[in-house]
Amino acid sequence: MANATTSGRLNRFKAMEFVVGILLFGTICLAVLFAPLLFPDGGTKIDLAARLTAPFQSFAHVLGTDPLGRDVLARVVTGGKVSLVVGFASVVGSIFVGVAMGLVAGYYRGAWDALLMRFVDVQLALPFILLAITFFAILGGSLINTIVLLIVSQCVQYARLVRGSVLSLREREFILSARAIGVADRNIILRHLLPNLLGPVIVLATLNFANNILLESSLTFLGLGVDPTIPSWGGMLADARTYLQTAWWVSVFPGLAILLTVLGLNLLGDWLRDSLDPTGRTSR
Amino acid sequence: MIGFLTKRILQAIFTVLVVTLVVAFAIRLTGDPALISAQGGGTVTEADLQRIRVALGVDRPFYVQYFGFLKGLLTLDFGRSFVGGTPVSQLIGTALPATLTLAFASLFVSIVLSIPLGVKAATTRGKWPDQAIRIFSLIGLSFPNFWLATMLVLLFAIALQWLPPSGYDGFSSYIMPAVTMGLILTATNVRLVRTTMLDTLRSQYVMVARAKGLSETKVLYKHALRNCAIVLLTFLGVQFGGLLGGIVVVERVFNWPGMGTLAFDAVAARDYPVLQSVITVLSALIIGVNLLIDLAYGLIDPRIRTQ
Amino acid sequence: MELKFTRSLLGALALSTALIAASPSLAAGKLTVSLSQDPGSWDPVDTFLVAWATVATNIFDGLTYRGPDLKLVPGLAESWQVSEDGKKITFKLRQNVKFHDGEPFNADAVKFTFDRLLGDEGSKGPQKSNYAAIEKVEVVDPSTVDFILKSPDPVLLTKLAGYGAMIVPPNYIKEKGEDYFNTHPVGTGAFKFISYEPKIGVKLEANPDYWGGAPKISELDYKFITEPATAVAELQAGRVDIVVPPIIPISMVPTIKGDSRLELMSVPGPTVDALRFNTRDGITADVRVRKAIIMAVDRKTIVDAILAGQASEIVSFQSSLSLGYDPDLKGLPFDPEGAKKLLAEAGVKPGAPLQIDIRGNDATMNEVAQAVSSYLQAVGLNPTIKPYELNVLLNDIIPQGKTGALFQQKWGGWTFDYDNTAYSMYHSGEKWNPYEKDAELDKLLESQRPMTDAAEREKVLKQIAAYVNDKALELPLYNSNAIYGVNKRVKNFTPAPDNRIKLNEVTVD
């Protein structure tokens, strides 16, 4: 049947999506994890005599050197740490804060719910970058501040998602019966609600992870993110802007690093969405 | 219905108020504008600074300044820029059209690209065009917008010299910024169009239309597209905030004299009136767009109201 | 060579699509200049921005004029005489000069200008404090004015050539009001104001009745472009004729030099950079440590490699153009071994931490600081760099004495007079001098201010520079060039160190 071949192709495609996603993201994670072993100096060693060496010319500097003679490969690999740490920490933070908010609002409703929904409104009405420039003008840029800002601006997405699911779940048979036999709220939330929320939250988290890497690099690019002396992809791209025409490698490689990492995560997120989302709206 | 309307409008007003309060309070923590404005003089005394503060009105208590700002908002009088004293309404008067036209141009690019691509993906579901489109949309989602913009400038403005590298003058200056934003939006919209098309193609009335012997193209473009348009429109509300945020970044790369440029310069100069007005206006726009979409939905589908 | 590679790569990519390159043509007689900032206001009393002066020097005139050669010559005043005690200056004014709106320039206009600057209107802006030495201006006759001073000011004549001292039209301001004047300036200058669009640009046209002769170009457009890469791209695309400093980064110098249609013009400017020491706390309170740090850094290599020769090494915190510059003053040599010895002598342990505070938005200093830090590492110190947002560094960290061991000082005193920087850098209690209290230095700084004899003053200024050098109060770095990018169709253009480019003599092909 035509339908069978179509879904067969789709399944093969899905499998490819997963394999490529894992390969991209996994390789980058491993490289970043082992960066201190691969490049002990962390790409900070300055060699003014070897500044702006072109790539693919020597084994010492496979991807060339930057304006201070630092190895671009070492900096790209070391710089990934900032992106991955910011992306991961902000997602984990947002999940904790957002899921808690959503559970409370969805389960208890009433004033908590109203409060949350107004917070969601305010949050959605503030353009992220404008929030960021004000926030950083007060507190200054740093790794922690970037993470906090991302959590503040994104926890509402999880809160909304969780609230919505809880609203429908709490009317379901198994929850109602658990309440009827007097199971404590805490237990209902932890044992019955949370496991059912896991799927959609993980999908959202993967996609947000990808998006946060983009946001972090935009912020650093605009001079608002992490300390510019720490190697980071956004920072490298910002520094490289004026070298674009004379030394393309200084901006092309960190840009590619962002693109491939985010692509890997997006592929995984896409695959997860289809595999974990039981309603399967997009998986057909 | 009236109750629903009033409730949503009151909520929107409340949100705008909270936004203004948060913003007005936050920017006053960023530093003393008098110091910035006096930087050039080598021998500035505390008396000089106080003199400038009085002239700027920042010596007054916060609540006085805030209520002054609110009062001004009612009459669309946003005060004067601390840098040069130009009325803020005049600055926004030139910056807002620049940003909004760019936003619409980007939306236009994304609609023109995503509808045919999404339809193609839906009609070739599972075959190679569908998968290629899917891969491209995932790649599009993964591009840092500022990097894409820079690469476009390098190619089309510097190497080929087909397009102006920056600026806000005429049609050709819109192409690169609108394409940058449009491509990234297309990545999400293609998926939306595809899903909606698949839903619609299975629906009753499309089957009926087919049974009536209408050509496949006619079925697609007459019936299915209408549904897509509605879905895209709804999604516009969600995208609008993100779109404006993205434009702020792209404005930097293309020297686009819009709201983002205004906001960046205002933060650097601690130009309170400009910054709080820019954020308030943009937030009000986002809230307004979402309110309109909600109301339109409330009219179409009464079930939404109870949620 | 790298440039060629990129070009051919991209060219190949686009080969398939044949399209005629839109050759950008500019109207004959029109010149387009890129400015790094929108000054926001065109009123002389409201501004302190160099970008303002770049435009305003074409709209307004002062009593005196200082061109690209930095020599002070008559402007709207034909001659002047300073009294014996230096407290009265008599100006003889140029006659038959008219403002752009047609009203005559005369002694009343001069008096109005300074009454306005020193009165209520001036109080709202930052310029008033620069002219605090003036007590009042008296009209002697329609073409003669007396400036009565509270105390002699050796740089006043220079200050009259710029900023707050630009002569403004009394009737126009009285009729149209301050706000209108702010966005529709009128002066006596070579070009008339046409229009101003915030954040976009300002347009001027030639003033055929200019007292110095009609300009050679008919239109003058200024575009505000804040991104360095964008400004250069616009220059390459032929949409901008002159890119005014300080926007062209050192890193883009080869790009401009490699373009046959463009010319790079570079002159020593007023801007100097140094890393000042925290002389109050920590290891840098010890003069031996400070000297060791200076000796550890190879400033010549930094200037050659990072600044691509677009700067010169300095020994004291001033440009070679400034009054008080001493070519014979010798700094400490680059000597890492000597530095290590001095550090050991001072009892500094290897790995001692050291923080360097810099301006976060200063790309060049960012690179320089990293190079400095690697030199300091080589002599056994452990430096970290802390970039601050400009306003935080200038308004909080430095004045409050909250800096690390070293902090960036950057100054571009447009008066080209060492006093302008030295006094606020080294005198006790000044904003930029949170740590040092030295009675001897204070006395030197105070002693030169009332001197009216320039040679005498210069001698004292040189003593101050030598004294500061001896105490090793700062790690002097470099004096950057003012870098202009110019399209070759522009003829007869002289780059000015202070960015005040008057364009009445310029022609375009």
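1. Helices and strands here are DSSP runs numbered from the N terminus: helices are H or I with at least four residues, strands are E with at least two. On that basis chain B has 13 helices and zero strands. Read from its N terminus, the order of elements in chain B is α-α-α-α-α-α-α-α-α-α-α-α-α.

2. A word on the basis. This is a predicted model, in which local features need pLDDT of at least 70, side-chain atom pairs count only at pLDDT 80 or more, and totals for chains, interfaces and linings use all residues. Residues are numbered from 1 along each chain as its sequence is written, chains are lettered from A and ligands numbered from 1 in the order in which they are written, and side-chain values use heavy atoms, with hydrogens and water left out.

3. Chain B, overall. Its C-alpha atoms fill a box of roughly 85 × 60 × 30 Å along the principal axes. Of the 307 residues in chain B, 57% are buried. Buried means under 20% relative accessible area, exposed means over 50%, and partly exposed lies in between (1.4 Å probe, protein chains only).

4. Helix α11 of chain B spans residues 259-269 and is mostly covered. Nine of its 11 residues are buried. Among them are B:M259, B:L262, B:F264 and B:V267. After α11(B) comes B:R270, which has a positive phi, near 55 degrees.

5. Chain A carries a nonpolar surface patch of about 560 Å², made by A:L30, A:L33, A:F34, A:L37 and A:L38. Helices α1 (2-33) and α2 (35-38) of chain A each give two or more residues to the patch. Patch residues have over 30% relative accessible area and no salt bridge; nonpolar side chains (Val, Leu, Ile, Met, Phe, Trp, Tyr) are joined within 5 Å, like charges within 9 Å. A salt bridge is a side-chain nitrogen of Lys or Arg within 4 Å of a carboxyl oxygen of Asp or Glu. A:L30 is in helix α1 of chain A. A:L30 counts as partly exposed, at 48% relative accessibility.

6. Cysteines. There are zero disulfides over all chains, a disulfide being a pair of cysteine sulfur atoms within 2.5 Å. A:C29 is partly exposed at 25% relative accessibility. A:C155 is buried at 3%.

7. Aromatic pairs. The whole structure holds 34 of them over all chains. Rings of Phe, Tyr and Trp (its six-membered ring) pair if their centres lie within 6.5 Å; planes under 30 degrees apart are stacked, over 60 edge-to-face, the rest tilted. C:Y196 and C:F224 form an edge-to-face pair, because their centres are 6.4 Å apart and their planes stand at 70 degrees. C:Y196 belongs to strand β8 (residues 191-197) and C:F224 to strand β10 (residues 219-224) of chain C, so the pair ties together parts 28 residues apart in sequence. Both C:Y196 and C:F224 are buried.

8. Another edge-to-face pair joins C:Y484 and C:F493, with centres 5.5 Å apart and planes at 65 degrees. C:Y484 is buried, at 0% relative accessible area. C:F493 is buried too, at 9%. Elsewhere, ring pairs link C:W52, C:F60, C:Y163, C:Y172, C:Y180 and C:F181 into a cluster.

9. Charges over rings. A charge counts as over a ring if NZ of Lys or CZ of Arg is within 6 Å of the ring centre and within 35 degrees of the ring normal. The charged end of C:R449 sits over the ring of C:Y423, 3.8 Å from its centre. For C:K502 over the ring of C:Y65, the distance is 4.4 Å.

Technical notes:
Areas by Shrake-Rupley, 256 points an atom, 1.4 Å probe, with all protein chains shown as cover.
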